[in-house]
Amino acid sequence: MGFRIALNFEDGVTRFIEADGQETVADAAYRQGINIPLDCRDGACGTCKCFAESGRYALGDNFIEDALSEDELARGYVLTCQMRAESDCVVRVPAGSQVCKTGQASFQATISDVRQLSESTIALSVKGESLSRLAFLPGQYVNLQVPGSDQSRAYSFSSLPKDGEVSFLIRNVPGGLMSRFLTGLAKAGDSMTLAGPLGSFYLREIKRPLLLLAGGTGLAPFTAMLERIAEEGSAYPVHLIYGVTHDFDLVELDRLDAFAARIPGFSYGACVASPESRHPLKGYVTQHIEPRHLNDGDVDVYLCGPPPMVEAVSQHIREQGVTPANFYYEKFAAAAA
């Protein structure tokens, strides 16, 4: 039986390999042309030490303490020359992708749908035969090249791949290069180039309650995460707080309702900052984080939004005297041109 291993490099590039249950992760990587750090292959030098973020695996006992200590082993470190996957895994590699003789993958696709969900948000879907080979961790992003230019923009996937198709939620930036294309020129069948996947913001193995905090189109990675949670389930509660500036910025609420109906233990709230809002929940995301959501620190917090929101949430949590078990965040800023 084969398992999919996500190799996350320190420059943000992620590459996926297939490993059968008999070969080591290092052997599988080299077989597929990715030269992760390696020296002795005998569990003696520690050169291939990586961190396993999720998944089941076996290491055996053919390595020495100098290469991998008991404390490191308990914390999730592995020697890839000894690691044999027993499920799909995510492995963090302490080296850049180019050092390991790999890099971003590039994919060709065509626009299957583009529509303006609101004054501020555009939904884009692309499809292509090459995308059937695309794999990414829910929450990651890709660089989309703006047709007719040599420039790219980074966008988080808002869906998992299905039948060679993926989707994005894109902020409509007045005068923005991608926004001008999508609102004025784009049509079904137009070609687009994707490069990635990228990023260290992705859904980890769920080991405790989750608090998801989204600002504006920072909702995108969370809808991809929720698709995965809907597929696999969660033994822990998941709560999402989605904040926007104006009423017209609220999008995809029907989709969130569908997730709430489909995922036991999932709930969400949407709030609008503008004082003129007619939405029931007003104010900023921080005003709607309740003590129960922080669970005395036994919580994994995921946050995606503009830099001021990231700073405000970080300060708010500190002021509550709570230290989350894990705090993952992605800051984004819109390109003005």
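## A buried glutamate and its partner

Glu227 is buried, at 19% relative accessible area (buried means under 20%, exposed over 50%, partly exposed in between, with a 1.4 Å probe and protein chains only). This is a predicted model, in which local features need pLDDT of at least 70 and side-chain atom pairs count only at pLDDT 80 or more, while totals for chains, interfaces and linings use all residues. Residues are numbered from 1 along each chain as its sequence is written, and side-chain values use heavy atoms, with hydrogens and water left out.

Glu227 forms a salt bridge with Arg255, and their closest N and O atoms are 2.7 Å apart. A salt bridge here is a side-chain nitrogen of Lys or Arg within 4 Å of a carboxyl oxygen of Asp or Glu. Arg255 lies in helix H5 (residues 253–262) and Glu227 in helix H4 (residues 220–232), so the pair ties together parts 28 residues apart in sequence. Helices (H or I, at least four residues) and strands (E, at least two) are DSSP runs, numbered from the N terminus.

## A pair within H4

Arg228 and Glu231 also form a salt bridge, with the closest N and O atoms 3.5 Å apart. The two are 3 residues apart in helix H4, about one helical turn. An α-helix has 3.6 residues a turn, so residues three or four places apart point the same way. Arg228 is partly exposed, at 23% relative accessibility. Glu231 is exposed, at 53%.

The whole structure holds 15 salt bridges. One of them joins the side chains of Arg204 and Glu53 (3.5 Å, N to O). Arg204 sits in the loop between S13 and strand S14 (210–215), and Glu53 sits in strand S3, so the contact ties together parts 151 residues apart in sequence. Arg204 is buried at 12% relative accessibility. Glu53 is buried too, at 11%. Glu53, Arg92 and Arg204 are linked in a network of salt bridges.

## The open sheet

Five strands form an open sheet in the order S2-S1-S7-S3-S5, with mixed pairing (two strands pair if DSSP finds at least two bridges between them). Strands S2 (14–20) and S5 (77–79) stand at the edges with a single partner strand each, so one side of each has no neighbour in the sheet.

S3 (residues 49–54) and S5 run antiparallel, joined by 3 bridges. Phe51 stands opposite Tyr77 in S5.

## Helix H3

Helix H3 (residues 177–184) has buried residues Leu177, Met178, Ser179, Phe181 and Leu182.
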